Amino acid sequence: MKKFKRNKASKRQKGVDMISNLPDHVLQLILSGLPTTEEAVRTSVLSKRWRYLWASIPSRDADCTRKLTNFNESEFKEFVDRLLLDRSVDLDSFRLRCENHYDMSTVWRWIRDAIIRKVKLLDLSFSPRVDDDQVIRLPPILVTCDSLEVLRLSLSFTSTLRLPTVTGFPALRVLQLNSVHLRLPTITGFPALRVLQLNRVHLMDVDSVQPFLRSCPLLEDLSLIDCFSYSYEDPLSYSDEDEDVDVDEDVCISCLNLKTLRVHNRNIGTYTERFGYGGSSENYVLCVYLHVFCPKLVFLEYAGHSADELLIENLDSLKKAVIYPDSRAHKEITFESYGANTCQLFAGVSHVESLSLNLFFIQAISTARDSNGVFAKSLPNLKTLEISTTIDDYTMNVVIRILRCSPILESFHLIIEEEIFWPEVWKLDEVLTHHLKRVEFLEFNGEQQKLDMARFLLENGNELEEMVFSWRGKVNYHEKSMEIMKELLKFDMASSTVKLITLLKD
């Protein structure tokens, strides 16, 4: 009988862990790729080789709300202490979310330990306990930290944050503040700050906004998302009897190096009602008068409730503007009252290369009184235009007017929200169609009215290079897209090189 020799057992069969034999830096990369620090710490039980590997990872993450951990307060505190115990490795990032479970002395100690390890990014979410001081003053060790480049701070609307009145944060490039009452100092300095994001922030001293921005000479990106103001010394003391108190009126954004500005106020009423403010939510606005003076601004996004008076000056560098006003942000606003302001804003951005407008903007212009006086007479640089609109006599007259003001328009993105079509309003002269190179129908679903519009553009677009149909429904896309494409190919086409593209957008 032929005998078979048994092969030597592989290393795996002998119980040798091949992964554990990888170099330290490779294992550190593996651990850094795990979703949470807790999971990295758990690998310490695998073997002696893994016991302390997690401590060499330059990122730390502690979140008391994560269901995976299910820590109680004592266990979580011990866990965070353990994360910050070894000071031999510098930290790239430290993320802490502990809500109001711990007193401020404990929170500041954790932050101090991260700073001692030369942390570059701090992502903090906490709030004082009820018996703690609700006014938060950043500790000196944080203000003077020369390694910190990014600070994200999320508090609660029970707390007031006071920024330091002295120059600090020498290396800080990005500052994000979320859900807090904010008192801006009149004298401060962020010498390296380039990005400032304020989300759901109550600006308690709007007259300090401009001096604060002036103290950030390198600021390039500013976002004011659902920020609001009210002229109360103590916002929590507001009562229904105070409804007639004047709102702080003026906000000036004057930044010589600012390149990107976002102002969103879509959810002001939602937040003021959620956090227990009295009175009407219309009283809580970013400002009544907004003055923007930013000579190097390249991108402007303005959405939600608009200031009653908006002055835009010296925006000669502006290339792209997104204007999405929203009537829901202010119950008292009407198309008529907003129309003149809209036309003025439109004229202020008339030199951009890319412009996005929503339906409310189009409707406001259509009902504006004496809109001819301030309506932009020309959009000489406009190459890309995106519009959300209905198809009716009023809105289409505005859309056509905008198109006719755009002599070099190349790309037209169209979202049609409601279709009440009168073919006579789409009789355009050759000035419109002879320079258009690209048209995209967004949120397309095979509607006949949009196909009629596509037919007109194909028949008259001599320079048209591409027409895109971006479908919004997966089922209709798979069922109808090929059929629609066959119908489109039957149309007469002024351009022999035009490409018809159908795709499904997420």
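In this predicted model, three strands form an open sheet in the order β10-β12-β14 with parallel pairing, where strands are DSSP runs of E of at least two residues, helices are runs of H or I of at least four, and both are numbered from the N terminus. Two strands count as paired if DSSP finds at least two bridges between them. β10 (250–254) and β14 (309–313) are the edge strands, each pairing on one side only. From one strand to the next, the twist averages 10°, with axes fitted as lines to C-alpha atoms and angles between N-to-C directions running from 0 to 180 degrees. Five bridges connect β10 with β12 (residues 289–293) in the parallel sense, and Ile-253 stands opposite Val-292 in β12.

The residues are numbered from 1 along each chain as its sequence is written. As the model is predicted, local features need pLDDT of at least 70 and side-chain atom pairs count only at pLDDT 80 or more, while totals for chains, interfaces and linings use all residues, and side-chain values use heavy atoms, without hydrogens and water.

The chain contains 14 helices and 21 strands. Of its 506 residues, 51% are buried; buried means under 20% relative accessible area, exposed over 50%, and partly exposed in between (1.4 Å probe, protein chains only).

The structure holds 18 salt bridges, each defined by a side-chain nitrogen of Lys or Arg within 4 Å of a carboxyl oxygen of Asp or Glu. Three of them are tabulated below.

| Salt bridge | N to O distance |
|---|---|
| Arg-95 and Asp-63 | 3.2 Å |
| Asp-81 and Arg-109 | 3.1 Å |
| Lys-319 and Glu-353 | 3.6 Å |

Arg-95 is partly exposed at 27% relative accessible area, whereas Asp-63 is buried at 6%. Asp-81 has a relative accessible area of 25% and Arg-109 one of 26%; Lys-319 is partly exposed at 39%, as is Glu-353 at 32%. Salt bridges with shared partners also join Arg-438, Glu-440, Glu-466 and Lys-505 into one network.

Asn-199 lies in strand β8 (residues 195–203) and counts as buried because its relative accessibility is 14%. Its side chain makes a polar contact of 2.7 Å with that of Asn-178; such a contact is a pair of N or O atoms within 3.5 Å, in which, within protein, one must be able to donate a hydrogen and the other to accept it, and residues adjacent in sequence count only if both atoms are side-chain atoms.
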